[in-house]
Number of protein chains: 4
Amino acid sequence: MARHIFRCPLRWADMDAFGHVNNVTFLRYLEEARIDLMFRLAPGEGEASFTGGSVVARHEIDYLRPLVHRHEPVTIETWVTDITAASMTVKYEVKDGDAVYARASTVVVPYSLVNQRPRRITAEEKEFLERYLDEGTVAA
Amino acid sequence: MARHIFRCPLRWADMDAFGHVNNVTFLRYLEEARIDLMFRLAPGEGEASFTGGSVVARHEIDYLRPLVHRHEPVTIETWVTDITAASMTVKYEVKDGDAVYARASTVVVPYSLVNQRPRRITAEEKEFLERYLDEGTVAA
Amino acid sequence: MARHIFRCPLRWADMDAFGHVNNVTFLRYLEEARIDLMFRLAPGEGEASFTGGSVVARHEIDYLRPLVHRHEPVTIETWVTDITAASMTVKYEVKDGDAVYARASTVVVPYSLVNQRPRRITAEEKEFLERYLDEGTVAA
Amino acid sequence: MARHIFRCPLRWADMDAFGHVNNVTFLRYLEEARIDLMFRLAPGEGEASFTGGSVVARHEIDYLRPLVHRHEPVTIETWVTDITAASMTVKYEVKDGDAVYARASTVVVPYSLVNQRPRRITAEEKEFLERYLDEGTVAA
């Protein structure tokens, strides 16, 4: 079991008029962590891969402390807690060392844009995702 | 008990490369519905009002069907399910008539930007929020 | 000659940490005005229409006064200053009555996403665009 | 004379429904390059520094070729072409090696958020900016 580590760059405009990174923008950061895991690292190509489409079915996110723009990236740890025939659940911590800004989880459904419908997770994808599997983790 | 109705305008750029309104953007729509409720309609002014600051403590959102850009706004119904001394929970449906695109809920904590700390909900605010209270609603 | 009037809704998150609508967001507003003109009002359908693709070749924008979020839309007046075989130039004012926040112009090239190349403006489109033509206007 | 080099990370959601990085997002990239130059590298602190506020007075941008999301950053070269008592003009190229995606220029006015008015460029800032000065460059 390993966690996927993504060093997520902030943008100055991620802050809102209250001077903090806007709560919605955290979901954008989580998307970037998933893109790195599912588009850059995961196996497969074209329609039968994650780059051929995927749909978010659900998000949960708890905000623990405010984040302010700085020039250094923030760390996003991502791991997998559930793999079914046609969906996967990932959990994340947005953090600097022990200081956690947010904990979240997302249910993702692989989706074929060509066929316009959900598709099953392939054996190759399952094997890949299992490297990040940590079912016992207490979740957001 | 009444639901707050917000007609949320879409922007063409809300769609992502998959040709649907991006999942993160739905949270932006929910923010707009809350802004309309808490900044335009709610009582109070300045530091001791919602416009003086508020923090999102938690979101949950379930995506039920894809939304594509069109020139007409989408409807967001918002109601309140819980009011504590220092927080409120709102629930939403993003919909066209009976067709629901997403159901969501948010825990909001009033926050004084001047004092840099959470503040209590005022009696006036509580009375306002209770007009939208519907505890019995089955939630997202 | 008529100007196209678009009442552009603001979003709270359009403001940045300096408390004003961010300069980049003004370009998003201009896009919305163009979308209304070119996707909702302009003739044609599918690949041989503006909805089948268009590319921005150039923007110029002058910022004249700061804009702060409010619940009412801001007005964007758009008109056409130049139509060539394969491009059009539109100019805009972002304003409330006589108070102008920004003046801008954009060169747009119709582009067929199917053929992956620029296409010519159709006679029907030209006739439509000429309703908004005002070559003599002093430009941004 | 040196150009400021900023390696700008893309986000997947920077692409629009046409499958390219949206034209408005390029201005966001330019903002990030300026933030790196003016907030991270430039001298001064607090109100009398660029972090104490700055206003964009004008943008010009020419789009030369489409940019598609990838995991590697794109390069933004930035230099200064004009420094007046109370403004500066910067020019940029967004590029991969010799392949230029966009050329642009921005007029920036230092602005004191505390005093709510433009301020003069300090001698220290001028000296800093002159390191990036290249008046002879043919501009966008």
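**View 1. The two copies meet through the same surface.** Of the interface residues of chain B, 100% are interface residues in chain A as well, so the copies meet through the same surface. What you're looking at is a predicted model, in which local features need pLDDT of at least 70, side-chain atom pairs count only at pLDDT 80 or more, and totals for chains, interfaces and linings use all residues. Residues are numbered from 1 along each chain as its sequence is written, while chains are lettered from A and ligands numbered from 1 in the order in which they are written.

**View 2. The side of chain B that touches chain A.** Chain B puts 16 residues into the contact, and chain A puts in 16 residues too; two residues count as in contact if their C-beta atoms, placed from the backbone, lie within 7 Å. On chain B, α1 (23-41) and β2 (54-63) each supply at least two residues of this side. The largest share, eight residues, comes from β2(B). Helices (H or I, at least four residues) and strands (E, at least two) are DSSP runs, numbered from the N terminus. Sorted by class, this side of chain B has eight nonpolar, three polar and five charged residues. Here Ala, Val, Leu, Ile, Met, Phe, Trp, Tyr, Cys and Pro are nonpolar, Asp, Glu, Lys and Arg are charged, and the others, Gly among them, are polar.

**View 3. β2 of chain A meets β2(B).** Strand β2 (residues 54-63) of chain A pairs with β2(B) in the antiparallel sense, over five bridges; for two strands to pair, DSSP has to find at least two bridges between them. Look for Glu60(A), which stands opposite Glu60(B) in β2(B).

**View 4. Around the rotation axis.** Turn chain B by 180°, shift it 0.0 Å along the axis, and it lies on chain A with an RMSD of 0.0 Å. That's the relation of a two-fold axis. The copies are superposed by least squares on the C-alpha atoms of residues with pLDDT of at least 70 in both. Glu60(B) turns up again here: of the residues of chain B, its C-alpha comes closest to the rotation axis, at 2.2 Å.

**View 5. Chain A on its own.** Chain A has two helices and six strands, and along the sequence they follow the pattern β-α-β-β-β-β-β-α. Its C-alpha atoms fill a box of roughly 45 × 35 × 25 Å, taken along the principal axes. Among its contacts between residues at least 6 apart in sequence, 69% join residues at least 24 apart.
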